[in-house]
Amino acid sequence: MEQVYNNNEIGGGSSTTTLPTSKQATIASELSKKILTNFGCDKRIPNDTAEAVSEVLRMFVIEARARASIEAECDLEGAMDEECDDNNATSTMVSIRADHITKI
């Protein structure tokens, strides 16, 4: 079973992001603790705080990916408009590049 995130629900756009519910992507609490420590938090970080930070980071990554995919789709549509050739069938799969991420 898959869980579908509509971009309208997570920040805009018309495409969807699909994640499997059985193996939903997560960010380890240990990584969240290291990130907080690197940004100057020298106090002890409780496990529930680390889990909350992990969830916020997970949501941030999903949102960034959704917005970058919209940028990639816009670039693809622009390139297709420039070609004006209906004979070339292109795949609907869009690759997200670093410049798409920096535009968000």
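How many helices and strands does the chain have? The chain has three helices and two strands, taken as DSSP runs numbered from the N terminus (H or I, at least four residues, for helices; E, at least two, for strands). The model is predicted: local features need pLDDT of at least 70, side-chain atom pairs count only at pLDDT 80 or more, and totals for chains, interfaces and linings use all residues. Residues are numbered from 1 along each chain as its sequence is written, and side-chain values use heavy atoms, with hydrogens and water left out.

**Overall layout**

- Read from the N terminus, the elements follow the order β-β-α-α-α.
- The chain has 104 residues, of which 17% count as buried; buried means under 20% relative accessible area, exposed over 50%, and partly exposed in between (1.4 Å probe, protein chains only).
- Accessible areas come from the Shrake-Rupley method with a 1.4 Å probe; for residues, only the protein chains shown count as cover.
- Of the contacts between residues at least 6 apart in sequence, 48% join residues at least 24 apart, a contact being heavy atoms within 4.5 Å.

**Salt-bridge network**

- Five salt bridges are found in the whole structure, each defined as a side-chain nitrogen of Lys or Arg within 4 Å of a carboxyl oxygen of Asp or Glu.
- Asp75, Arg97, Asp99 and Lys103 are joined in a network of such bridges.
- Arg97 pairs with Asp75, with 3.6 Å between the closest N and O atoms. This pair links distant parts of the chain, 22 residues apart: Arg97 is in the loop between α2 (47-83) and α3 (98-103), and Asp75 is in helix α2.
- Lys103 also forms a salt bridge with Asp75, at 3.5 Å from N to O. Here the partners are 28 residues apart, with Lys103 in helix α3 and Asp75 in helix α2, and again the pair links distant parts of the chain.
- Asp99 forms a salt bridge with Arg97, and the closest N and O atoms are 3.0 Å apart.
- Arg97 counts as partly exposed because its relative accessibility is 45%. Asp75, at 27%, is also partly exposed.
- Lys103 has a relative accessible area of 44% and is therefore partly exposed, while Asp99 is partly exposed at 30%.

**Arg67 in helix α2**

- Arg67 is located in helix α2 and is partly exposed, with a relative accessible area of 40%.
- The side chains of Arg67 and Glu63 are joined by a polar contact of 2.4 Å. A polar contact is a pair of N or O atoms within 3.5 Å; within protein, one must be able to donate a hydrogen and the other to accept it, and residues adjacent in sequence count only if both atoms are side-chain atoms.
- Arg67 and Lys103 lie 36 residues apart along the chain, and their C-alpha atoms are separated by 9.0 Å.

**Nonpolar surface patch**

- Ile96, Ile101 and Ile104 make a nonpolar surface patch of about 240 Å². Patches are made of residues with over 30% relative accessible area and no salt bridge; like charges are joined within 9 Å, and nonpolar side chains (Val, Leu, Ile, Met, Phe, Trp, Tyr) within 5 Å.
- Ile96 sits in the loop between α2 and α3, and its relative accessible area of 32% makes Ile96 partly exposed.
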